[in-house]
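This briefing is for a reader meeting the structure for the first time. It starts with a term and the origin of the model, then goes through the structure by topic.

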Amino acid sequence: MDDRPVLISTNTLPASLLQAAAQKGVLLKNLPFIETNPIEDIETISEIDAALRLVCTVIFTSQEAIHAVAAQMDDIIPDWRIYCTAPATAMLAAKQFGQERIVGTATDGASLAACIIEQEEPDEIFFFCGRKHRPELPALLTSAGFDLNLIKVYDTQPISPVVSGNYAGVLFFSPSAVNSFFASNQLAAHSIAFAIGDTTATAIRKHSRNRVVLADLPDKELLLNQALEILTT
């Protein structure tokens, strides 16, 4: 009988992290609650292609947006000034577009907007985002006089599998995943909810009174490490 504590991830984590959990005596199970797909209609592809050919300032707040844009790059190396959330999105942006293109980072959208307002004169700026996105960054930049051009490059759909068995904790990486989880499940009384950021933690508390542990930084691997430390001590 496998008596290891079970940790459920509501997003798919790579095999390397599943192995890292196993090495610490925790059974980590991927059970995604959202599905993310690039938007590939002619209008969106045309918008991405046009932006790729401009000398401009752009924003990324998700890795999914970077993947969607990179899929349309071909051999184009965009001449962009890039602002992005950190650490995970910033690392992917540096890998995809070059570290020298990254001119500002912050841990969340509102803080990133403040960074942009401090460093940039109000002008046109492109925000590659999902069809559903947090309102704070667009609202702050628009209020500061920026001509914000939103290019919605991916879509997120909820999926709601039923969780069975005994589990010690659940990793949540977005409010969307939280809402999808609680559409068909409740946390077991002893289970701990691990949240990637403040908005995710707030969403959990709307559905549950269970203990919520907030990541020190909005990074999947760091959140997992925090969970492993708590579950094994």
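A polar contact is a pair of N or O atoms within 3.5 Å; within protein, one must be able to donate a hydrogen and the other to accept it, and residues adjacent in sequence count only if both atoms are side-chain atoms. The model is predicted: local features need pLDDT of at least 70, side-chain atom pairs count only at pLDDT 80 or more, and totals for chains, interfaces and linings use all residues. Residues are numbered from 1 along each chain as its sequence is written, and side-chain values use heavy atoms, with hydrogens and water left out. Helices (H or I, at least four residues) and strands (E, at least two) are DSSP runs, numbered from the N terminus.

**Sheet**

- An open sheet is formed by 6 strands in the order E3-E8-E7-E4-E5-E6, with mixed pairing; two strands pair if DSSP finds at least two bridges between them.
- Strand E3 (34–38) and strand E6 (102–106) are at the edges with a single partner strand each, so one side of each has no neighbour in the sheet.
- On average, neighbouring strands of this sheet are turned by 20° against each other, direction ignored.
- E5 and E6 pair in the parallel sense over 4 bridges, and Ile-82 has Ile-102 in E6 as its bridge partner.
- Helix H2 lies across E4, E5, E7 and E8 and runs at about 135° to E8; axes are lines fitted to C-alpha atoms, for helices over the stretch in contact, and angles run from 0 to 180 degrees between N-to-C directions.

**Cores**

- The largest nonpolar core has 28 residues, and Phe-60, Val-69, Trp-80, Phe-97, Phe-128 and Val-153 are those with the most contacts inside it.
- At least two residues of this core come from each of several elements, including helix H2 (42–52), helix H3 (63–70) and strand E8 (147–158).
- Apart from it lies another core, of 19 residues, including Leu-7 and Phe-194.
- Such a core is a set of buried Ala, Val, Leu, Ile, Met, Phe, Trp, Tyr and Cys residues joined through side-chain atoms within 4.5 Å; buried means under 20% relative accessible area, exposed over 50%, partly exposed in between (1.4 Å probe, protein chains only).
- Beyond its neighbours within four places in sequence, Val-153 is in contact (heavy atoms within 4.5 Å) with residues including Pro-38, Ile-48, Val-69 and Phe-128.

- At the start of H5, a side-chain oxygen of Asp-108 comes to within 3.2 Å of the backbone nitrogen of Ala-110.
- Leu-112, Ala-113, Cys-115 and Ile-116 are buried in H5.
- These buried residues fall within an arc of 160° seen down the axis of H5, so they line one face of the helix; the arc is that of the directions from the helix axis to the C-beta atoms.
- E4, E5, E6, E7 and helix H6 (136–143) are among what covers them.
- In helix H8 (residues 198–207), the buried residues are Thr-200, Ala-201, Ala-203 and Ile-204.
- On the other side of H8, Asp-198, Arg-205 and Lys-206 are exposed.

**Loops**

- Glu-120 lies in the loop between helix H5 (109–119) and E7, and its side chain makes a polar contact with the side chain of Tyr-83 (2.6 Å).
- Glu-120 counts as buried, at 16% relative accessibility.
- Asp-74, in the loop between H3 and E5, has a positive phi of about 55° although it is not a glycine.
- Asp-74 counts as exposed, at 72% relative accessibility.
- The peptide bond from Ala-86 to Pro-87 is cis, with omega near 5°; Pro-87 is in the loop between E5 and H4.
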